[in-house]
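Two packed helices are described by the angle between their axes and the distance between the axes.

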Amino acid sequence: MKIRKINLEENEIPENWYNIIADMPNKPLPPLHPGTLEPIGPDALAPLFPDALIRQEVTTDKWVPIPDEVRNMYSIWRPTPMYRAYGLEKALDTPAKIYYKYEGVSPSGSHKPNTAIPQAYYNKQEGIKRITTETGAGQWGSALSFACQHFGIECDVYMVRLSYNDKPYRKMMMNTWGANVYPSPSDRTEAGRRVLAADPDSPGSLGIAISEAVEMAATRADTKYALGSVLNHVKLHQTIIGMEAIKQMEKAGSDLPDIVIAPFGGGSNFAGLSFPFLRLNLESGKKIRCIASEPSSCPKLTRGVFRYDFGDTAGMTPLLPMYTLGHDFIPAPIHAGGLRYHGAGVIVSQLLKDQLIEAQAHDNLEIFEAGVLFARAEGIIPAPEANHGIATAIREANKCKEEGVSKTILFNLCGHGNFDMKAYDDYFAGKIRQHELSQEEIDASIAKLGTPTIPVG
């Protein structure tokens with residue numbers, strides 16, 4: 001009998017998160033004050049985040065201990081299983097060995113509780129009564145709603161309007177866990193009202209929803225803001241995925257993967273799986289390729305520019321050094337709502353600039369073709385965001401077939417698509433179309449930046 005599923009025991013849940021900054025040859029550039037253009041320190045984050053998370057945001061320590069209470073909560077669904085994708089290998093007729101780490105077993109159905117739990121925990125430790133946040137497809141909003149319910153914290157979620165309308169059951173999940181959910185852009189904030197004044201039918205974006213959530217957090221002393229991706233401490237929390245995956249590859253008796261793949265929106269998904277493997281490259285000279293998979297309709301890594309830019313649409317955040325399409329960029333209304341973000345996290349941007357990681361883009365039709373093939377081969381219906389990683393894995397497995405070589409591929413199946421069936425219905429109805437930005441559209445968006453360039457070198 002073939003061993004298909006590789007499990008770990010609860011006592012094998014990692015005790016520390018891994019901070020890749022400690023090993024990076026070139027450290028990330030500092031955030032800048034948008035008025036003075038001078039580097040800012042941790043104090044600038046105090047209005048939005050609890051002190052413990054600010055310390056994690058700026059730490060250079062290689063290992064950050066996971067609190068016992070957080071590990072106990074993790075044990076509800078962690079360690080997550082790893083699978084050998086025998087069915088997909090057969091369907092592709094490839095000599096490649098394909099594995100996937102399945103994060104869809106969490107209560108909210110994705111990898112997002114890995115950071116939602118510690119973020120809610122640290123806010124609770126500092127007496128915070130209310131957290132505001134944004135969500136795209138709903139995975140992050142539902143994860144934070146679950147975490148806030150556990151710790152007795154009120155939760156307000158600004159959900160990108162496109163997903164709010166298309167994914168009502170994600171909204172209902174958040175309501176069930178006690179959260180208040182608002183479509184973004186909304187008339188509750190100045191940022192939302194400005195967008196609606198310009199475009200009453202705006203589908204919204206993560207950048208807009210971030211602006212609304214940040215604005216609301218800044219108006220109440222008992223309220224903090226939580227972000228589900230992009231920031232350093234969020235990526236830090238997600239590294240538990242890759243830490244477990246290394247142990248599971250060892251337990252499977254397999255070689256380390258030649259290629260590690262994960263979807264990319266702001267960076268937490270990709271960082272979670274890839275950073276612990278990148279550690280092996282940086283420490284031991286391994287040659288593991290780490291590929292971020294993004295939509296061709298929002299291609300900041302593959303077609304954006306490395307510039308200082310705002311993390312939100314309204315310009316309320318510090319200026320961050322990132323690959324970006326411009327903070328005014330409104331992505332096309334694709335179903336992968338969690339990847340509709342204009343910029344990339346600072347750490348991932350620096351790693352890409354230093355050519356330590358790679359990026360690939362896939363169009364809207366290709367990723368659903370990949371998701372359906374995977375579902376029919378492996379039985380799990382993936383979230384549209386997860387389909388991007390699958391598409392890259394299929395592309396690399398097909399290269400192995402063409403070249404007649406066997407490589408080991410590992411990708412992050414970051415969540416299930418059980419609440420995304422409208423997207424699959426649209427695909428089967430022929431409503432999904434290829435969409436790729438023209439260079440003129442990208443140039444026009446970047447031209448609006450007005451933020452400082454970053455010297456080469």
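Predicted model: local features only at pLDDT ≥ 70, side-chain atom pairs only at ≥ 80, totals over all residues.

Helix 1 (residues 51-58) and helix 4 (residues 113-125) pack with their axes 8 Å apart, at an angle of about 130°. Helix 1 contributes Ala52, Leu53 and Gln56 to the contact, which meet Gln119, Tyr122 and Asn123 of helix 4. By class, this contact of helix 1 with helix 4 holds three nonpolar, three polar and no charged residues.

A second pair is formed by helix 5 (residues 139-151) and helix 7 (residues 168-176), whose axes come within 8 Å and cross at roughly 15°. Angles under 35 degrees count as roughly parallel, and helix 5 and helix 7 are therefore roughly parallel to each other. The crossing of helix 5 past helix 7 is left-handed. On helix 5 the contact is made by Gln139, Gly141, Ser142 and Ser145, and on helix 7 by Arg170, Met173 and Met174. The classes of the residues in both contacts are listed below.

| Helix 1 with helix 4 | three residues | three residues | no residues |

Burial is described for helix 17 (residues 421-428), where Ala423, Tyr424 and Asp426 are the buried residues. These residues cover an arc of only 155° around the axis and therefore lie on the same side of helix 17. Their cover includes helix 15 (364-378) and helix 16 (384-403). Just after helix 17, Gly430 adopts a positive phi of about 80°.

Methods:
Residues numbered from 1 in each chain as written. Heavy atoms only, no water. Axes fitted to C-alpha atoms, helices over the stretch in contact; angles between N-to-C directions. Helix = DSSP H or I, 4+ residues; strand = E, 2+ residues; numbered from the N terminus. Parallel < 35°, antiparallel > 145°, perpendicular 65-115°, else oblique. Left-handed = near helix turned anticlockwise from the far one by under 90°. Contact = heavy atoms within 4.5 Å. Buried < 20%, exposed > 50% of the residue type's maximum accessible area, 1.4 Å probe, protein only. Arc of directions from axis to C-beta. Nonpolar A, V, L, I, M, F, W, Y, C, P; charged D, E, K, R; others polar.
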